[in-house]
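Please keep the sequence and the structure in view while I talk.

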Amino acid sequence: MPQYYQCRITQRYHTILPIPQELTRKPHLAATPRDDVLARMIRDRFVASGFDTADLVPYDLLLSRPNHTNPNLITLTNGAGEEVFRSAFKEIPLHEDDEDPEFVHSFNAYTPAGLNPDPGVGVVYANYGRVEDFDELDRLGVNVTGRIVMARYGKIFRGNKIQHAQDRNAVGVILFSDPLDVALEGVTEEAVYPNKGWLPGTGMQRGTTFMGDGDPLTPGWPSTEHAYRVDKEEAGLAQIPCQPIGYNDAKVILEKLRGDQQTPESWVGGLEGVEYNLGPYFKADFSDYRLRLQTHNYELRARSYNVIGTIKGEVEPDRYVFIGNHRDAWGYGGSDPSSGTAQMLETARVLGELMKDGWRPRRSIVFCSWGAEEYGLIGSTEWVEVRAYLFLFFSFILRNKIGGLTMFHVNTDTCASGPILHAPGSPLLWDPIVKIAKMVPGVRNGETVYEEWEEYEKLRNHSTPEMRTLGSGSDYAHFSFYCGIPCLDIWFRRDKNKYDISIYPAYHTGYDTFYNIDHNIDPGFRIHQGCSRIASLTLRYFADSAIIPYSLEKLPTAIKNAFEKVKEKGNGEKLMAIYDKFPLLGEAIDNFTMTTSGFVAKINQMKEDIDPVTLRSLNDQIMKLEQIFIMPAGLPGRPTVRHAIFAPSQFDNYATAGFPGISDLLYGYDSLGTEEMTARQKEIRRHISDLTILVQRASSLLEDFHSI
Ligand SMILES: [Zn+2]
């Protein structure tokens, strides 16, 4: 590609990072007064950075809260009816940064208030609460019907755990963080927060349990004032009570469980002296003990704000590059999300400085501080739902509105939870992020972030950094899975070569504090700085390059790889037996690969003085490429998930799958009855046919317009 089309990226101005102490000084749960204070502060910072617009955009949403005067409790009583144990309902302060007296109680959002009416129902330990764990319990003859399920956090989304327990007629769920996942250097005072980053036994992971995205009362349409809202009962919220606790309290319950069946070896966690017996009964010494789970959560309609700031593009103001980060936290939000907010504010400041020097981006840049992400990506989803039609169909300027076309969205939720760059995203962005990472100074000992990234991946036997597509779990979801806008999710995370844990230990607890960031995760704030450097360079690269710099050829390659993966485990033969035209999908993908290479070769041969009309139409082709894979009616049975190739599967919100429609349709296929199987086969044939058409359309999009 001629050098002319590359932007000249500079790294000036990234010398001082504003300390994110102010952001993390107090808890800022969505739609609370402190959250609103931060929203206004962020707007004021956008204004101070010289943005063209900076607005608070309100939505009235269904949220969920614990009862502050009547805490959720788990109690144990002995045979004499005396209470012998009462669970903690919030963290014990361990450092001045975590001792806010108003700190939010431990709860799981959108689980109902309730109690187990018969406290003698028994408790079953269900490992991580996955489908395979419940299947294993079935196999062992341990029934959870009418009982309380106790499961450890990790592996899958907490909402799925509750759903699985509910599907099997459990009456309640207790979730806990196991030391094996959050305290790998032991549970002594010296080994955990505040002295180290590991979680103490009093830390409790809060979090939503809502399985959808957006306001539960307006699935698929925006939560505007006039909008129709479904009844709460139709919103698909959890039906059984659930309470998260720390491992100190979990131990008190687990150590009393009797094991009539042998616990599978891999189910044994890290609590010392605990056998992790499956229950449901208590051991002989405690056989007359009774466990009661009481929760008092309630739902409310509350107003939450997105803060949207824009820098208007000079040449193509109707083309948008987005950067987003959520603002709300379950507590102080040290890592999640205030490390991301801090870097976004720094990025805003840096671009503001460049504007003072006379720079203006070619395309518009939009900064988004999303509200109520923690409850289910609500602020970003509602905002996109208002504008989805603009993203898909229009390419002209809408005065005073965010309209036109979007070509890129970069998300940073938790920018700092460890030192290793992790940047899952659309394959169209895989080369650009590598290029940018090579330009940013290392956050540890390496010369560049890329060098550190590569060194880390080599230890994991990957010759180059492994690029991944997006799973669910943050604000890019609706941009990507609903609108087909290429998204990148930038964060620095823990070093898996040292400790292979699924999430940083203080995640969603009262110990995710400024002190934890400053002392344990990012002393010196170099990770924050690295994150902000990557974000600002990426924004400029996409906002300023004349030809949109997607790695076009990575898209068909990734589709081809996903296709090969779909065929694994005998599924290729199965799909072939269901639909003999299945191989045509493979042929269409091969054809798309060739067309893309031809298109890229054409771009590379272009002269530097490309005329504006040709440039505009070329960029249209590039920008629309991923959106071709959007199915207007959604994936089979999932109207709000419309990306046919890269979206999470239905049965685990956190996991990534290629061709999610096929995986969903094959789920449970073998155990279907004859009639259901015939119906499912029809759906599969239809879906494969749709996919083939989409891939063929992607090829035609890249062909010369003369050949229409
Ligand atoms: Zn977050």
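I will begin with the domains and the contact between two of them, and then turn to strands and a few individual residues.

Please bear in mind throughout that what you see is a predicted model. The domain assignment of the protein gives three entries: domain 1 is made of the segments 8–63, 302–438 and 470–544, domain 2 covers 67–296, and domain 3 covers 554–703.

Let me stay with domain 1 and domain 3, whose centres, taken over C-alpha atoms, are 29 Å apart. On the domain 1 side 30 residues take part in the contact, and on the domain 3 side 25 residues do. Between domain 1 and domain 3 an area of about 2,200 Å² is buried, and carbon and sulfur atoms give 53% of that area.

How many salt bridges are counted between domain 1 and domain 3? The count is 4. As for a salt bridge that you can find by residue number, the side chains of D431 and K554 meet in one, with 3.1 Å from N to O. Across the interface of domain 1 and domain 3 there are also 9 residue pairs in polar contact, with both residues at pLDDT 80 or more.

Which elements of domain 1 supply at least two residues each to the side that touches domain 3? They are the strands β13 (316–326) and β15 (405–411), together with the helices α8 (378–393), α9 (430–437) and α11 (477–482). The largest share of that side, 4 residues, comes from α11. Sorted by kind, the residues on the side of domain 1 that touches domain 3 comprise 15 nonpolar, 9 polar and 6 charged ones.

Now to the strands, where I would start with β1 (residues 53–65) and β12 (residues 298–311), which run antiparallel and are joined by 13 bridges. Within this pairing, D55 has I308 of β12 as its bridge partner. Strand β12 also pairs in the antiparallel sense with β14 (residues 363–370), here over 5 bridges, and I308 stands opposite C368 in β14.

Elsewhere you will find an open sheet of 4 strands, in the order β3-β2-β11-β5, with antiparallel pairing. Its edge strands are β3 (83–86) and β5 (114–115), each of which pairs on one side only. Strand β2 (residues 73–77) pairs with β3 in the antiparallel sense over 3 bridges, and T75 has R86 in β3 as its bridge partner.

I will finish with some details of the backbone in the loops. The peptide bond from Y193 to P194 is cis, with omega near 5°, and P194 lies in the loop between α5 (179–182) and β9 (207–208). A cis peptide bond also joins G279 and P280, where omega is about 5°; P280 sits in the loop between α6 (247–254) and β11 (290–295).

How values were computed. Residues are numbered from 1 along each chain as its sequence is written. This is a predicted model: local features need pLDDT of at least 70, side-chain atom pairs count only at pLDDT 80 or more; totals for chains, interfaces and linings use all residues. Side-chain values use heavy atoms; hydrogens and water are left out. Domain bounds come from an automatic or database domain assignment. Contact means heavy atoms within 4.5 Å. Buried area is the accessible area (1.4 Å probe) that two parts lose on being put together, summed over both. A polar contact is a pair of N or O atoms within 3.5 Å; within protein, one must be able to donate a hydrogen and the other to accept it, and residues adjacent in sequence count only if both atoms are side-chain atoms. Ala, Val, Leu, Ile, Met, Phe, Trp, Tyr, Cys and Pro count as nonpolar, Asp, Glu, Lys and Arg as charged, and the others, Gly among them, as polar. Two strands pair if DSSP finds at least two bridges between them.
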